[in-house]
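Subject: Structure for your review

Dear colleague,

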Amino acid sequence: MGGTRASCKPLECFILFLLLLNCVICSKRPHELGQTGPNPTRSKSSQHGWNWNLLMNNTGVVAMHMAVTHHNKVVIFDQTNAGPSQYRLRKCKARGGSRESSCYAHSVEYNIVKNKVRALHLATDTWCSSGSFLSNGTLLQTGGNGSGSKKIRYYKPCQNNGCDWMESKKEMFVRRWYASSLSLPKENSVIVVGGQSAFSYEFVPKTSNKPYDLPFLHRTFERNSKGNNLYPILHLSNNGHLFIFANRDSILFDYKKRKVVKNFPKIPGNGARSYPSTGSSVILPLDYNDNFGKVEVMVCGGAARGSYTAAQRRRYLTGLRSCGRMVITGNRHKWRMENMPGPRIMSDMLVLPTGDILIINGAKRGCAGWGTASDPALEPYLYKPDNGPGKRFQTLKKTKIARLYHSSAVLLPDGRILVAGGNPNNRYIMHGVTHPTELRLQALTPDYMDPQFDDLRPKDVMVIYPRKAHGVENGRIFNVTFGLTNDSGNLSVVAYAPPFTTHSLSMNQRMLRLECLGLESGGGQDRVQASVVAPPSIYVAPPGFYMLTVVNGGVPSRSSWLRIL
């Protein structure tokens with residue numbers, strides 16, 4: 001679907017008055033609009049508009065892994081074999097592994113609205129594991145260490161407090177520790193790739209009687225650096241093939257035919273980008289204006305060559321400053337390199353509703369692991385992909401809390417960024433070390449949430465499905481209603497697949513700019529209704545729950561949940 005359908009339908013008299021006789025064009029970027037009038041819009045982002053807030057002093061468990069569910073709650077968990085956490089259970093529960101930790105929670109569910117946590121029960125060790133959401137909103141969680149290394153777990157979120165972890169009797173073929181997973185277009189199917197001493201991939205549920213060898217993982221393995229290809233980066237391209245990045249190399253992989261379709265150029269520079277030389281990655285927003293035809297990946301940070309060996313001697317080498325962008329569609333592939341304001345390892349990268357990229361958490365020296373990094377990266381970076389070279393990075397207000405190894409960050413439906421975790425120690429150690437176990441929970445509030453922009457902010461967003469439907473199919477039209485009091489002349493609708501975050505990976509994260517056909521009266525004062533087209537294929541938008549956000553003049557609404565069938 002091209003941009004030719006983006007012009008608005010005739011507006012009713014109420015909307016003509018409400019929008020000051022301006023027609024709102026959906027999904028157009030500012031430089032495409034050719035605006036000549038004084039339409040309001042959010043001014044340039046300022047670090048002073050970004051604010052840190054302490055939400056809780058003690059979540060009880062380290063946020064080694066974190067994921068936002070479609071019931072507006074966040075699942076947080078660490079590992080069961082780290083000894084006692086800081087959340088003691090009223091009643092001890094049987095668990096495989098350490099006895100001393102069986103009386104302590106190692107997973108909690110955080111209620112965003114109530115700002116409270118409740119304990120969850122993990123039966124086996126989830127240390128350095130992976131996860132992906134299924135199409136019904138269930139979190140499928142795989143692997144770990146020891147007793148949990150082959151395990152398959154499910155967390156089906158609920159509105160009340162009746163949900164908890166469930167462990168399948170079926171197991172994976174091989175141990176998956178430091179593996180990555182990705183939800184596939186086929187409903188309720190997940191691919192799990194790599195792991196320590198696991199140079200293969202497999203599917204959950206199983207599609208064969210053995211795992212499939214992946215020579216790419218053998219080729220990118222560095223024996224003296226603990227691999228430098230663990231937790232490989234996975235992205236789903238718009239044709240259903242997988243972009244797989246490990247160490248410094250990447251391929252486009254047809255998992256159905258089990259063959260490499262493309263070998264991409266090696267990313268320039270020394271050092272590596274995969275665990276323990278941990279960098280991070282995103283797909284830049286996919287856009288209906290080019291029929292979702294351009295897929296561009298971005299990889300940032302990592303560790304210098306020899307960092308892992310040096311860190312064993314308590315010598316921490318400066319991390320990598322560089323980021324690389326590469327279009328993986330088409331026939332010409334080249335990394336376009338640029339530098340961040342400073343070096344960074346173990347950072348999280350999140351796509352914001354504005355299309356900007358947030359780089360947060362991590363360190364400036366060393367590599368990933370227990371006690372193998374120093375100099376916390378306290379200042380987040382904001383990256384604006386559409387700006388010109390040299391004008392894309394902005395340094396934001398620093399935090400006072402170090403977020404090192406085993407920290408994570410997620411985007412919340414209300415627009416804030418939830419930041420938690422950090423434990424460069426092999427147990428819960430609260431005193432007597434340079435960087436104690438970190439259990440404080442923070443929110444970073446972006447400048448676009450400032451009350452000064454409330455006149456632009458779309459309010460009370462509601463998704464309306466076709467009659468008797470519980471979601472919308474790919475390519476179909478659905479309606480979105482919201483309150484709108486001030487027309488910016490630049491309104492867009494975006495859908496965001498919330499990731500499973502761990503070890504600087506945001507697994508399954510993707511942002512989609514959707515086509516908006518036009519606006520009409522929403523049946524109430526200041527309410528309008530937008531006709532929106534769902535993404536065209538399961539490869540662009542795999543089935544599942546997405547955060548849907550209306551952005552007006554660079555000011556996002558609070559998100560509502562959209563289910564794509």
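What follows is an account of what was found, taken region by region.

Please bear in mind from the outset that this is a predicted model. The protein chain has an average pLDDT of 91, and 90% of the residues reach at least 70. Where pLDDT is low, the predicted coordinates should not be read in detail.

The open sheet

An open sheet is formed by 4 strands in the order β18-β20-β21-β22, with antiparallel pairing. Its edges are β18 (280–283) and β22 (336–339), each of which has a single partner strand, so one side of each is left without a neighbour in the sheet. From one strand to the next the twist averages 20°. Between β18 and β20 (residues 296–300), which run antiparallel, there are 4 bridges, and within this pairing S281 is found opposite V299 of β20.

Strand β15 (residues 242–246) is mostly covered, with 5 of its 5 residues buried. In a regular strand the side chains alternate between the two faces of the sheet. In β15, L242, I244 and A246 point one way while F243 and F245 point the other way, and all are buried.

On one pairing, strand β14 (residues 233–236) is joined to β15 by 4 bridges, and the two run antiparallel; here L234 has I244 of β15 as its bridge partner. The hairpin of β14 and β15 has 5 residues between the strands, and in it G240 takes a positive phi near 90°. On another pairing, 5 bridges connect β15 with strand β16 (residues 249–254), again in an antiparallel arrangement, and L242 stands opposite F253 in β16. The hairpin of β15 and β16 has 2 residues between the strands, and N247 is the residue in it with a positive phi near 65°.

S347 and N361

S347 is placed in the loop between β22 and β23 (348–351), whereas N361 is placed in the loop between β24 (357–360) and β25 (363–366). With a relative accessibility of 3%, S347 falls under the 20% limit and so counts as buried; N361, with a relative accessible area of 3%, is buried as well.

The side chain of S347 has a polar atom that lies 2.7 Å from the backbone oxygen of N361. The side chain of N361, for its part, makes a polar contact at 3.0 Å with the side chain of D348, and also reaches the backbone oxygen of S408 at 3.5 Å. Leaving aside neighbours within four places in sequence, S347 is in contact with S280, I359, I360, N361, G362 and S504. Counted in that way, N361 touches a set of residues that includes R344, I345, M346, S347, D348, A377 and R403, and also S407, S408, A409 and V419.

F393

F393 belongs to strand β28 (residues 393–395). Although F393 and I359 are 34 residues apart in sequence, their C-alpha atoms are 10.0 Å apart in space. I359 is also among the contacts of F393 beyond four places in sequence, which include M298, C323, E338, N339, M340 and P341, together with Y381, L382 and Y383.

Aromatic pairs

The count of aromatic pairs comes to 19. In one of them, the ring centres of Y155 and W165 are 5.4 Å apart and their planes stand at 55°, so the pair is tilted. This pair links distant parts of the chain, with Y155 in strand β8 (residues 151–155) and W165 in strand β9 (residues 165–171), 10 residues apart. Y155 counts as buried at 0% relative accessibility, and W165 is buried with a relative accessible area of 10%.

Elsewhere, ring pairs link W127, W177, Y178, Y231, Y275, W370 and Y405 into a cluster.

With best regards

Key:
Residues numbered from 1 in each chain as written. Predicted model: local features only at pLDDT ≥ 70, side-chain atom pairs only at ≥ 80, totals over all residues. Heavy atoms only, no water. Pairing = 2+ DSSP bridges. Axes fitted to C-alpha atoms, helices over the stretch in contact; angles between N-to-C directions. pLDDT = per-residue confidence, 0-100. Buried < 20%, exposed > 50% of the residue type's maximum accessible area, 1.4 Å probe, protein only. Polar contact = N/O pair within 3.5 Å; in protein donor to acceptor, adjacent residues only side chain to side chain. Contact = heavy atoms within 4.5 Å. Phe/Tyr/Trp six-rings, centres within 6.5 Å; stacked < 30°, edge-to-face > 60°.
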